[in-house]
Amino acid sequence: MDSLKPKERDLRDVYHDLFRANKPRTTDQGRFHNAPFPAAGYTLQTGFAVVLSDNLAFDTGDSLSKVSDIATSVTYSQYNQIIAPILADVWTKGNKYNIIADWRYMKYPSTTFGLGGHTQYSDGYTIDFSYIKIHTAILRNVTKNLYAGLGFDYDYFWNIREVDPPQGVVTSFQKYGLTRTETALGPAALMVFDSRINPVNPFNGFFAKVVFHPSFEFLGSDADCITMQIDLRKYFSLRPDHRNILAIWSFNWLTMGEKTPYLLLPSTGWDDLFNTGRGYIQGRYRGNDMTYLEVEDRFTISRNGLFGGVIFANAESFKRNLASQYNTIAPGYGAGIRLKLNKQSGANICIDYGIGLNGSRGFAVNLGEVF
């Protein structure tokens, strides 16, 4: 029966067939699978943008080791934004240690709409800032699939300014405390459970991550405050050949203590990978606490695995301050296509179109699955 199975193909095969058909097809050697990819696209928060991205997946050679993943890209957008992240999820031999890094530079004029879940789209205006993010952690295996460890998080915003605030109105940012810089730094305690075989494109297993991050004034933070994130993901393979996957994501983002810097408050699309709230522009909702739920059905369309698709639905809710209740739910839904970038690692180019409330809608583009 295996002889009847169609040969897997990816975008590199297509490129070779179109432009290098007379030359031998090179393949990834050994344990390393690299997938550089230049692209152009459009999203709500960036407008038209050009992107040069690379995704490197590898393993230690141990058959039991999880797949490690390092992704990097440089984006320049229509709105003069520069986004340059390096994201690493590295496993040592035998999965004894897991090294997590999220380093990025951003020059990022973007939109804010105020605090809470009752803001109107017409409330939006531009804020501009530069941002350095350095989050790094090392986790050690505690028991099967369970890891715990420590890290250090540093967030620094500078050249913060409101570009076109509404005239004659004191904005939420001004009421909250508009400053030219915002800083938060301090240790982070992490606990991760991960039974997925391939985090680049999961088809099975359960992922749970809890991050507890206090920031301290004596280290240079603007305030003594605490951030906690609880990230839960479950994957069901609906077919033995993994050509249809049901994925469920729950994400809760809470703040405590003194006033958290405005630009670090929980906000739509400001999770670590900018993926919450497809159907809404990044920053559409912002508050002290956020709760989020998303369900996605992923399916392969072409027999050779080159093309796939998804349908998804999500809902998010915010509260403006610690005394208020979660009294507004903002739903979103949509569909997307998947183009196989690397058949060895399973990395996809993901292009989605989401729809939210009050006419909110737009594209989202990712290298790798949304969750």
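# Chatting through a predicted model

User: Hi! What share of the 371 residues in the protein chain is buried?

Analyst: Buried residues make up 50% of the 371 residues in the protein chain. Keep in mind that this is a predicted model.

User: Okay. How many helices and strands are there in the chain?

Analyst: The protein chain has 2 helices and 17 strands.

User: What radius of gyration does the chain have, and what would a compact globule have?

Analyst: A compact globule of 371 residues would have a radius of gyration near 21 Å, and the protein chain has 21 Å, so the two agree. If you like to picture a box, the C-alpha atoms fill one of roughly 70 × 45 × 35 Å, taken along the principal axes.

User: Which residues line the largest cavity?

Analyst: Its lining is made of Ser110, Thr111, Ile127, Phe129, Leu263, Trp270, Gln282, Gly283 and Arg286. Strand E6 (110–112) and strand E7 (125–143) are the elements that give two or more residues to this lining. By class, the lining of the largest cavity has 4 nonpolar, 4 polar and 1 charged residues.

User: And which residues line the second largest cavity?

Analyst: There you find Gly117, Tyr285, Glu316, Ser317, Phe318, Thr328 and Ala330. For the second largest cavity, E14 gives the largest share of the lining, 3 residues. The classes here are 3 nonpolar, 3 polar and 1 charged.

User: New topic: Trp249. Is Trp249 buried or exposed?

Analyst: Trp249 counts as buried because its relative accessibility is 1%, and buried means under 20%. Trp249 sits in strand E12.

User: What does Trp249 touch, apart from residues up to four places away in sequence?

Analyst: Trp249 touches Asp231, Leu232, Arg233, Asp271, Asn275, Thr276, Tyr292, Leu293, Glu294, Val370 and Phe371.

User: Where is Phe251, then?

Analyst: Phe251 is in strand E12 too. With 2% relative accessibility, Phe251 counts as buried. Leaving out neighbours within four places in sequence, Phe251 is in contact with Gln229, Ile230, Asp231, Asp271, Thr276, Met290, Thr291 and Tyr292.

User: How far apart are Phe251 and Leu293, in sequence and in space?

Analyst: They are 42 residues apart in sequence and 6.4 Å apart in space, going from C-alpha to C-alpha. As another pair to look up, Trp249 and Gly356 are 107 residues apart along the chain, and their C-alpha atoms are separated by 18 Å.

User: One last thing, backbone angles. What is phi of Asn80?

Analyst: Phi of Asn80 is near 60°, a positive value in a residue other than glycine. Most residues other than glycine have a negative phi. Asn95 also has a phi near 60°.

User: Where do Asn80 and Asn95 lie?

Analyst: Asn80 lies in the loop between strand E3 (68–77) and strand E4 (82–91), while Asn95 is in the loop between E4 and strand E5 (97–107).

User: Is Asn95 buried or exposed?

Analyst: Asn95 is buried, with a relative accessible area of 10%. Asn80, at 47% relative accessibility, counts as partly exposed.

Notes. Residues are numbered from 1 along each chain as its sequence is written. This is a predicted model: local features need pLDDT of at least 70, side-chain atom pairs count only at pLDDT 80 or more; totals for chains, interfaces and linings use all residues. Side-chain values use heavy atoms; hydrogens and water are left out. Helices (H or I, at least four residues) and strands (E, at least two) are DSSP runs, numbered from the N terminus. The radius of gyration is taken over C-alpha atoms; the globule rule is 2.2 Å times the number of residues to the power 0.38. Buried means under 20% relative accessible area, exposed over 50%, partly exposed in between (1.4 Å probe, protein chains only). On a 1 Å grid over the protein atoms alone, a cavity is a set of points where a 1.4 Å probe fits but cannot get out, and a pocket is an open set with protein on both sides within 12 Å along at least five of seven lines; lining residues have an atom within 4 Å of a point. Ala, Val, Leu, Ile, Met, Phe, Trp, Tyr, Cys and Pro count as nonpolar, Asp, Glu, Lys and Arg as charged, and the others, Gly among them, as polar. Contact means heavy atoms within 4.5 Å.
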